[in-house]
Amino acid sequence: MKVLAVETATSWQSVAILDESRVLARHDQEAAGSHAKLLLPTIDRLFRETGLTLKQLDGLAVSIGPGSFTGLRVGLATLLGFRTISQLPLAVVPTLEGMAWNLRGTSTLLCPILNSRRGELYWALFRWTSDDRLERVMSEQVGTAAMLGSSLTGSVLVFGEGWTVEASAIRASIPPTVTVAEAPDPAMKPSAVSIGLAGIERLRRGESAGIDINPLYVQRTAAELKYEESGGLSPVALRHKRVARKGNARVAATRTPSARARVTRGKATGGTRNGA
């Protein structure tokens, strides 16, 4: 089965054409903010290198998220367009799951990690079974480095740009009973080859995307973020806290030398008028 695979969930763009597990052509590059400009020329380049055309493929595969909103939309829109033209089946692969395919056959628990907005992280947990199946242990999560670290158990292999950026903060929150190891460099970045391999497996099972397909945006709700920012206080408690703060500020203002002087002058002036 020949597939075109695209990975644009992060600033790292990866495109590949596979024939089963054999990589016919691939191109990886830093594309920060330029996926819309770079993706189509890269795909065209791989078609020229392989001598293949879109009609000679058996399917398409794309990373569906979580990740960069813009990058995900560019990748998905491009392959949806290809599907419309060619009528090829399209497999959509969750980005973190695709990253787990970077370490296919590894027996250790896998924790791929990506950067999110607001300084948070995306992560999930996977394990390869003895019969070469990828098992999802924990679904996609989003949160702080402390939340990620405290969610780990046992022995875990960590990797991804989120780990390279927030390793120290994550380590600080890992329970003492947890053993963490870092995956080798080749596994750190999302890969279109891994998306292609996972996509081929999906297509063989008859799992192709329907008409209404959108990127997988894993975000905490605004209410959750506000609750965390408040330190876990309810809206009523926050309102009481604001009222108390304003009251304390007014009391403090009347106790300053300049404020007392203004009050004294006001009283003196009022007394003169009353005596007149």
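Trainee: Which residue in β2 does Lys-2 stand opposite?

Mentor: The model is predicted, so local features need pLDDT of at least 70 and side-chain atom pairs count only at pLDDT 80 or more, whereas totals for chains, interfaces and linings use all residues. Residues are numbered from 1 along each chain as its sequence is written, and side-chain values use heavy atoms, with hydrogens and water left out. Strands here are DSSP runs of E with at least two residues, helices are runs of H or I with at least four, and both are numbered from the N terminus. β1 and β2 pair in the antiparallel sense over 6 bridges, and the residue in β2 that stands opposite Lys-2 is Asp-19.

Trainee: Which residue of β4 is the bridge partner of Val-3?

Mentor: Two strands count as paired if DSSP finds at least two bridges between them. β1 and β4 (residues 59-65) run parallel and are joined by 4 bridges. Within β4, the partner of Val-3 is Gly-59.

Trainee: How many of the 6 residues of β1 are buried?

Mentor: Buried means under 20% relative accessible area, exposed means over 50%, and partly exposed lies in between, using a 1.4 Å probe and protein chains only. β1 is mostly covered, and the number of its residues that are buried is 5.

Trainee: Why do the buried residues of α1 line one face of the helix?

Mentor: Helix α1 takes in residues 35-50, and its buried residues are His-35, Leu-39, Thr-42, Ile-43, Leu-46 and Phe-47. An α-helix has 3.6 residues a turn, so residues three or four places apart point the same way. On the other side of α1, Lys-37 and Arg-48 are exposed. Seen down the axis, with directions taken from that axis to the C-beta atoms, the buried residues of α1 line one face because they fall within an arc of 135°.

Trainee: Which strands stand at the edges of the open sheet?

Mentor: The open sheet is formed by 5 strands in the order β8-β7-β6-β9-β10, with mixed pairing. Two of these strands have a single partner strand each, so one side of each is left without a neighbour in the sheet; they are β8 (134-143) and β10 (179-182).

Trainee: At about what angle to β6 does helix α5 run?

Mentor: Helix α5 (residues 161-173) lies across β6, β7, β9 (155-159) and β10, where contact means heavy atoms within 4.5 Å. Axes are lines fitted to C-alpha atoms, for helices over the stretch in contact, and angles run from 0 to 180 degrees between N-to-C directions. Relative to β6, α5 runs at about 100°.

Terms used: Expected span 1.5 Å × (residues − 1).
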